[in-house]
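Subject: Structure handover

Hi there,

Here is the structure I promised to pass on. Please open it alongside this note and have a look around.

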Amino acid sequence: MLKQEICILLEQTLKTAQEQGKIPRITLPEINVEHPKNKSRGDYASNLPIRLARDTGVKPLELAKIIAELIPRGDMLQKVEVAPPGFINFIISDKWLTGQVDAILKHGTEYGCPNIGQGRKIQVEFVSANPTGPLHVGHGRGAVLGSTLANALSACGYTVEKEYYINDAGAQMQAFYESLYARYLELFGKEAQIPENGYHGSYMVDLAKEIYAERGKEFLKLTPEEAVIILGSLGKEKVISSIRNDLNLLKVSFDVWFSEKSLYQNGQYQKVMAILEQKGAILKKEGAIWFSSPDNKEDKDNVLVRSTGVPTYFASDCAYHYNKFVERGFDNVINIWGADHHGHIPRLKNVLSILDINPDRLHVMTTQMVTLIRNGIEVKLSKRSGEMITLREIIDEVGADACRFFFLSRASSSQMDFDLELAKQQSMDNPVYYIQYAYARIASIFRMAAENNIDYHDGNISLLTTEPELTLIKRMIQLPEILELVTKNIEPHHLPHYAQELATAFHSFYKQCRVISGEDKNLTMARLKLVEAARIILAKTLDIMGISSPEKM
């Protein structure tokens with residue numbers, strides 16, 4: 001990775017400068033290298049001298065000059081420059097850049113995959129919506145963020161397991177069961193009361209009708225208590241099946257579907273409650289059982305078991321995360337939750353500390369709301385159900401590729417607007433179309449090359465010297481940096497932005513540089529190698545995002 005190589009060069013140069021007595025021996029800070037916003041200042045830049053000035057007592061600009069003079073140029077660096085107030089700017093050699101085309105072709109789909117994970121076992125748990133109804137748009141955002149993040153982690157050497165946590169225990173499921181039974185009874189003209197905290201959506205009527213079509217009056221023969229459980233369980237499985245189908249349409253799959261009920265059936269809940277009690281973190285009052293932090297990290301106690309004897313969602317989560325870290329041995333866990341769960345994060349991390357699990361091993365990404373926009377106006381109600389916008393409706397309208405790109409296009413912490421009309425446009429204004437059209441253009445170039453029987457594998461890449469060609473290469477070799485940024489910071493939204501920049505570089509190259517020319521066979525072969533390298537990088541980026549690479553558009 002080029003950025004990392006420059007960081008290593010800087011570190012080695014600093015040690016050399018200290019050994020030569022040109023700068024004082026101090027503890028060196030973490031070295032950062034960035035792309036300067038002003039392209040005229042080079043390809044990479046570091047503000048290291050500014051950060052070193054206070055501890056060394058040397059002026060930043062003087063430090064920059066000392067360091068720059070000692071940096072070995074080699075084949076990679078064409079020039080190292082110093083700029084006020086103390087920046088070191090790096091200009092990459094054109095010859096080295098063109099050589100990266102062959103490097104990409106040599107490594108193929110493995111190019112750009114830094115082995116950051118080194119096989120460490122990491123779990124990504126996402127979506128995890130209650131199986132009480134269809135997925136909505138917010139669930140779709142979490143689904144795409146989670147699946148893309150898992151793809152990126154896998155590409156970077158982690159052993160990744162994707163998990164859906166089925167909340168199939170507790171008060172919410174009981175309310176779902178009772179609501180479904182009430183809707184079932186109504187089909188026979190019987191009076192039925194939906195619980196106050198129940199589910200009133202019309203989809204519950206549809207679900208009751210579906211079960212009636214399959215099983216008839218079977219549940220009328222049972223006692224209400226039996227019917228609620230059996231009918232409710234059947235309804236739950238149908239909802240889970242529907243959720244699976246919707247996620248499959250969005251190109252989202254899971255390795256494990258983990259049942260909350262299993263925590264109670266397999267003794268995990270009881271085990272964790274016993275540990276918390278042993279650690280002095282259990283308080284019994286008002287007929288309920290509370291989590292009480294022994295070190296007072298929490299400003300209030302949190303209920304684990306209600307006075308009714310029913311465990312809370314918090315209690316399940318304590319047992320669930322003990323299962324993740326201790327029973328299943330994940331090195332790290334990433335949860336993707338809705339923003340309404342933000343307050344739950346510190347108390348869960350507090351529990352992990354008491355359970356002797358380093359809370360830093362858990363990372364929680366929270367997702368903000370999605371606002372659907374049509375013709376500049378917010379869409380408030382679903383046309384079909386009149387209740388909510390389902391994820392399935394959005395997929396059906398704009399397609400999975402557009403859904404995935406738009407859900408990825410903003411940081412998870414930012415509220416996002418999803419422009420439905422833009423997502424459907426077959427024009428260069430639509431970023432999804434714009435990126436995929438770049439790939440389709442590449443495919444068309446190779447169809448033309450095949451029609452003309454052009455063998456480009458011996459092309460001389462040193463002929464790639466123009467600004468559009470070099471700019472395209474610079475964009476291509478940034479893929480390892482982007483993947484490192486995505487995986488280290490847990491920020492998948494960098495991928496769609498990179499894909500747009502890569503597509504822009506390719507479209508610019510395509511317009512300014514004729515690839516297949518009857519007049520210059522050697523240049524044609526060189527440019528075909530460049531286009532092949534671009535195809536590999538663009539396809540890799542799209543694949544990690546879970547977006548298709550169309551051969552024609």
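Predicted model: local features only at pLDDT ≥ 70, side-chain atom pairs only at ≥ 80, totals over all residues.

Residues are numbered from 1 along each chain as its sequence is written, and side-chain values use heavy atoms, with hydrogens and water left out.

**The sheet**

Three strands make an open sheet in the order 1-3-2, with antiparallel pairing. Strands and helices are DSSP runs numbered from the N terminus (strands E, at least two residues; helices H or I, at least four), and two strands pair if DSSP finds at least two bridges between them. Strand 1 and strand 2 (77-83) are at the edges with a single partner strand each, so one side of each has no neighbour in the sheet. Strand 2 pairs with strand 3 (residues 87-92) over 6 bridges, and Val-82 stands opposite Ile-88 in strand 3.

**Helix 18**

Helix 18 (residues 479-489) is mostly covered, as 8 of its 11 residues are buried (under 20% relative accessible area; exposed is over 50%, partly exposed in between; 1.4 Å probe, protein chains only). Among the buried ones are Leu-479, Pro-480 and Val-486. The buried residues pack against several elements, including helix 1 (2-19), strand 1 (44-46) and helix 20 (521-545), where contact means heavy atoms within 4.5 Å. After helix 18 comes Ile-490, with a positive phi near 55°.

Best wishes
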